[in-house]
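I opened my notebook for a quick look through this structure. Here is what I looked up.

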Amino acid sequence: MKFNFRNLPIRRKLTLIILLTSFAALALVSVAMVTYEILRFRHALVRELSTEAEIIAENSAAPLAFVDTKAARDTLRALQAQPGIVHARLFTPDGKTFAEYKSFDDETELPDLKGQPAGHRFEDGYLLVFRDVLFGGGVVGSLALRSDLREQNAWLQADVSIAVVALFAALLVALILSLKLQQVISTPILELAEVAHQVTLRKNYSLRATKRSGDEIGLLMEEFNQMLEQIEKRDADLRASEERFRQLAETIREVFWLSDIEKTKVIYISPGFEAIWGRSLDELEKSPRLWVECLHSEDRDRVWDAVCTKQVTGEYDVEYRVIRPDGTVRWIHDRAFPVRDAAGAIYRIAGIAEDITERKRAEENLRRTEWLYRQAIVGAGAVPYARDFKSRSYLFMGEGIEQLIGYPPHEVSGDIWEKIKQEYVMLGESAGWSIEEAGRRVITGEVQTWRCDIRVLTRDGQSRWISDVAVQNRDESGKVIGSMGILQDITERKLAEKKILTFSSLASRLSAAATAEEAAANILETAAELIGWDCGFIHLYDRELDRTVPVLTFDLIDGKRTLVSAPDNAKPSPMTRLIIEKGALLVDAQSRASLPFGFVPFGNKDRVSASMMYVPIRQGENFLGILSIQRYSPDAYNQGNLDLLQALADHCSGALQRIRATKELLETEAKYRTIFESATEGIFQTSPEGKYLRANLALARMFGYESPAEMSANVMDIEKQTYVLPERRREFKRLLEEQGEVHGFEAERFRRDGSRFWISVNARVVRDNNGAILYYEGTTRDVTSRRHLEKQLIEISDREQSRMGQDLHDGLCQHLVRTAFAANLLEKDLSRQKSAFSDQAKKVARLVDDSITQARNLARGLYPVKLESEGFHSAMVELAANIRATYHLDCEFKSAGSISIDDHAVSTHLYRIAQEAAINAVKHSSAKKIQIRVSNVEEKIHLVVSDDGVGIGAPSDRGNGMGLHIMNYRAGMIGAELKVEAQKSGGTIVTCIFEHPNRTEKIRSEKT
Amino acid sequence: MRWLWLAIFLGASFSSVAEDTLVAPEYKIKAAFLYNFAVLTEWPDTAFDFPKQPLTIGVLGKDPFGRTLEKTMRGKTVHGRKIEIARYKTVEQIEHCHLLFISSSEEKQVEEILTRLAGRPILTVSEIDRFNYKGGVIWLQKQEDQIKFRIRRSAARKAKLKLSSRLLALAINATPPNRAGK
């Protein structure tokens, strides 16, 4: 791989730059230092060697002067101490060698030193030093010294080694430092690069670089961010704009496209393409000529030609077919126009393609439908036509017209219609108008459709119904210029309509018919209309009696249908039995002869019917009777007529059945009505609101009215008008609604004249299917006399009780008091005498005392003394005390409000009711605790006696106990309301509510 | 032959005169020796009457040098003093002399001469056998064609002369300084 510094990552680049710089600097310094070292070393060497030479020269001067070579050699030999000096030589002034010294390892020849001036030089890795030898002011010789540079080289080597080591150490430090320090520069740049990369990669222009410093990099980041911001904004604007376009392009059904002029590339196409062409946008992108390949082979050349020539001129507007991959064909309407650049040159083609398959299909369907309609119309025998109002002539008239009315198309005109028209019915919009009026309105455009059923006489004299249905034909301005319509033979339909009409009118007439005769007449009349007959009958059949009941029998007498008699209540004829057995029968002259029995003649017995039809009238499986129509002309009827007649019979069987049932019902009702009307007990039906729905005479009389009608008319509110105590009516309704029925409900009522009487009612409630109350019905009995007797009985009983009580109190008790007194005296006497009987006497006295107490209690129970003397309250207090004393149980009395009662009868009855209830509780319920409460609330005295006993049975049992009965009676006597209820917690509550007499009085006076 | 070679060498350097070719080459060297001795010897201040008094080299007896001596000394100085050559016939003639070459002709009365000169700062040099044992300072002797000398340091001390160590080192009887240390 070729190394290219430029492509290195910035991190490496920085590191490398720093390292190279450091290396260069260090290398230079090292070289300088080494060089300096060398120079310094040489200088020192030269100086050292010169000093050495000086000494040698000094020492050699005398030997030279005295020509003592030995001494000279000795002097030179001293150089052995200097290892660097490898060679020394002394010369005489004439240049001859005087003495010489060589280190052992030196084998090199010294150069000739003659003529060399004093000094030194480096030569071939050696240092040479030259010096004159002076003696006594004159030169006596010269000296040459040669020193090698081994020491220097060793030094140098050490120096260089140190320098190299120092260099690498410094580079290492530089590397570490640079790695750290380069981040100051590289990190922000790399971050920036990363952000830029992310922006490119993700097209996300909302990313931002983080500015960390204020230097040029920070500035760069800032600029970069601003740039991104601008791009983002521009991008957002562009996107929004593009989004708008895209939404438009992608939501509408049309396909937008953009291409270059040469049609080699699709620049844009909206996604609607996929749905219409059935090919993906990717495919199209890969192969821009795909759309040409999709073209239907028949259209391809034409479309391509248009594409090449007309798109640039903007005239491209073609319809073509494309074939989708699944083989289906779509019709496309494609338009294109050139797009010009700023200079006005065409550089693109824009287009809109639309799927018009549905429209094409619709058009095709329309054509096809039109053809089908035409076929259908003509095939159905219908005659289409078109009429021009201006010329009042037919622009077109179907061939079928000749068959319809007998005139060929060219002859048909308004006049012909006038001539053959017999009757007509306007229908639809113009229903009810005359044909002239309707025609006028069609021409003026007031009505848009024309429907007319018209009966004509054809050229050959047949009567025929024709339906004429037409619609307006308007010109472009909307003006009515003519009409188009269809003529059709509807004779059959009219006939069917007539049947239906006849049947439906028959149905309504039958439902209105009250008698079988009426119904039969209608049926026969209908048969005459639909089929026609000369004679006919309807006979019913009574299965129970196996008798024929003739209803109507007609015959044609003197050209008129006349009602004739038929044998009444006769056994069914053989023909009737045959019909019962076999069903409908068509008899003509031939089949008549084959029948095994003769006919029962009716009407004009001289003539015999030639064609006859018999059909059974059935209701389900029941044979109700027989319908027959007959003609004197032979072969007058066919099977179709028989079917129609049977349909007629079936149609009216329901009505006949109903009539028969109604008749039976009426008879039954008459029986009951007799019972209802002649009953001695009152019978009623009343509404919950309080009106008499029905009442019999007995009831009306009971209330003092002449007739039930009079009573119903006068009594508007049973509760207010007839009840002495309206509460009783409410009680009555409550019981009915709760229990469904009520027996022996007794109440005091007002007669018409205001007099009072007692009635006992047995009643039940009648509800509809949903459970809502329809009315009450029941019977009433006048029980006034019985009540009167009962009252007398009670009064007698009360009187007897009082008398007995008084007798007990005044007679027996006084007598017992005296006896007790005597017994006490006796006891005292006996004790005084210290008799052994004194104890017994004392016992007697105590027993007598007890008897007195008992007798008094008894007397009080029988005759409430305090009631008369001290009033109701005291009497009640005494009653409670009395019960406590007599029965040794808890009985308390409480009162609230003013409970003083003026009417003695009322207080007596209330007292007795309380007494009876309490005693009942003791005797029948085994109560341990009895509460008697009396309160006066809103002018009503409430008396409540409750106990904790076993309770009474169902409320309906209450009539069984004489005590309850008497309580009821007493309550009734004073017009109070009595309720006996079982408590949930066990025990019984007897409630008696007495309304203040004044109020009752007031109500009564209002009524009278 | 060695001394011959040396004589050639010396003759060249001392720019000897052709007329001195009668003088034995041996004395040319000895004349140079005399100068060398003077250079390497320090006289006491009493030996000179005034600072710039030239150094006198005297020859006593029969002069073997001829003109060689003058030629050798011409233009040279010793310790900044010019050199004067003096020739003496008798010892009594000697007044101001610093270096005295006693010719071999005086061999018989050498001891007398030396006695007469005793105490005077005069460097005495002679070829007379065993000269230094007789009270002289430097005995020049020929040895294997080379001219060597012996020095009597006590005689030098008596004459109040300081001889350079370099001179002493070159004397035959002197232990070489560099070996003395061994």
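Predicted model: local features only at pLDDT ≥ 70, side-chain atom pairs only at ≥ 80, totals over all residues.

Which residue takes a positive phi in the hairpin of β15(A) and β16(A)? I found Gly478(A), with phi near 90°, and five residues between the strands.

Residues are numbered from 1 along each chain as its sequence is written, chains are lettered from A and ligands numbered from 1 in the order written, and side-chain values use heavy atoms, leaving out hydrogens and water.

**Strands.** I followed β16(A), residues 480–489, to its partners. (Strands are DSSP runs of E, at least two residues, and helices are runs of H or I, at least four, numbered from the N terminus; strands pair if DSSP finds at least two bridges between them.) β15(A), residues 463–474, pairs with β16(A) in the antiparallel sense over nine bridges, with Asp468(A) bridged to Leu487(A). β11(A), residues 383–388, also runs antiparallel to β16(A), joined by six bridges, and there Ala386(A) has Met484(A) as its partner.

**Confidence.** I checked pLDDT, the predictor's confidence in each residue from 0 to 100. Chain A has a mean of 82, and 95% of its residues reach 70 or more.
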